[in-house]
Amino acid sequence: LIRGLSASTRTLFWTVVVVCLITYIFAIFGVVLISAEVELASDKASHDPNSNSQELADLEMLVEATGSLSSWMYTLIQVLTLDSWNAIARPLQRYVAGSWAFFYCYVAVAVIVFMNLVTAVIVENALSHSKQDEETLLAQKYSEQKS
């Protein structure tokens with residue numbers, strides 16, 4: 001298993017690079033498509049005397065989570081690890097109706113496809129090294145029997 005992991009380091013490195021690139025691209029889309037609407041909703045709620053404190057707290061949290069490219073990167077890493085990302089996605093859905101599609105696409109691409117690809121690469125390399133070890137042992141036994 002350890003040999004399989006060490007043999008997979010190059011592939012794993014490039015997988016991490018691709019996941020970072022995908023996260024960066026989705027963060028740019030998040031800033032362009034979602035952040036402006038969250039800022040607008042926050043401004044409206046802060047000037048509206050009928051806004052309740054829970055709504056203002058939700059909007060403040062959403063502005064913090066989606067206000068900049070680096071905030072989006074951090075938020076998307078939270079989504080990538082599936083770490084309580086509904087705490088962001090559900091309140092965001094109230095203010096940006098199509099945000100569910102954004103998160104669905106990111107989860108589908110980054111989490112499901114790439115993380116399964118990483119697992120497949122590690123397993124494939126481990127099986128390959130296991131087969132090589134088995135063939136080496138058989139060759140050693142054959143040479144010992146022959147001599």
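View 1. Trp-72 is buried, at a relative accessible area of 0% (buried is under 20% relative accessible area, exposed over 50%, partly exposed in between, using a 1.4 Å probe and protein chains only). This is a predicted model, where local features need pLDDT of at least 70 and side-chain atom pairs count only at pLDDT 80 or more, while totals for chains, interfaces and linings use all residues. Residues are numbered from 1 along each chain as its sequence is written, and side-chain values use heavy atoms, with hydrogens and water left out. Setting aside neighbours within four places in sequence, Trp-72 is in contact with Ala-27, Gly-30, Val-31, Ile-34, Ser-35, Ala-65, Thr-66, Leu-92, Phe-102 and Phe-103 (contact means heavy atoms within 4.5 Å).

**View 2. Aromatic rings around Trp-72.** Search the whole structure and you get seven aromatic pairs. For the ring rule, Phe, Tyr and Trp (its six-membered ring) pair if their centres lie within 6.5 Å; planes under 30 degrees apart are stacked, over 60 edge-to-face, and the rest tilted. Trp-72 and Phe-102 have ring centres 5.2 Å apart and planes at 75 degrees, so they go down as edge-to-face. That pair links distant parts of the chain, with Trp-72 in helix H4 and Phe-102 in helix H6, 30 residues apart. (Helices are DSSP runs of H or I, at least four residues, and strands are runs of E, at least two, numbered from the N terminus.) Phe-102 is another buried one, at 9% relative accessibility. Phe-102 also pairs edge-to-face with Phe-103, at 5.4 Å centre to centre and 75 degrees between the planes. Phe-103 itself counts as buried, at 3%.

**View 3. The largest nonpolar core.** A nonpolar core here is a set of buried Ala, Val, Leu, Ile, Met, Phe, Trp, Tyr and Cys residues joined through side-chain atoms within 4.5 Å. The largest one has 27 residues, and Ile-34, Trp-72, Leu-76, Leu-92, Phe-102, Phe-103 and Tyr-106 touch the most other members. Helix H2 (9–47), H3, helix H4 (69–80), helix H5 (86–95) and helix H6 (99–146) each give two or more residues to this core. H2 puts in the largest share, eight residues.

**View 4. The covered residues of H5.** In H5, the buried residues are Ile-88, Ala-89, Pro-91, Leu-92 and Tyr-95. What sits over them includes H2, H3, H4 and H6.

View 5. The side chains of Arg-94 and Asp-58 make it, at 2.4 Å from N to O. With Arg-94 in helix H5 and Asp-58 in helix H3, the pair ties together parts that are 36 residues apart in sequence. Buried or exposed: how do Arg-94 and Asp-58 count? Arg-94 is exposed, at 55% relative accessibility, whereas Asp-58 is buried, at 13%. Asp-58 belongs to the helix that spans residues 53–66. Not counting residues up to four places away in sequence, Asp-58 touches Pro-91, Arg-94 and Tyr-95.

View 6. The disulfide count comes to zero, taking a disulfide as a pair of cysteine sulfur atoms within 2.5 Å.

**View 7. Out along H6 at Val-113.** Val-113 is in helix H6. Val-113 counts as partly exposed, at 48% relative accessibility. From C-alpha to C-alpha, Val-113 and Ser-53 are 40 Å apart in space, and 60 residues separate them in sequence.

View 8. The chain averages 87, and 97% of the residues score at least 70. Among the elements of the chain, H4 has the highest mean pLDDT (93), and helix H1 (residues 2–7) the lowest (68).

Note on methods: Salt bridge = Lys/Arg side-chain N within 4 Å of Asp/Glu carboxyl O. pLDDT = per-residue confidence, 0-100.
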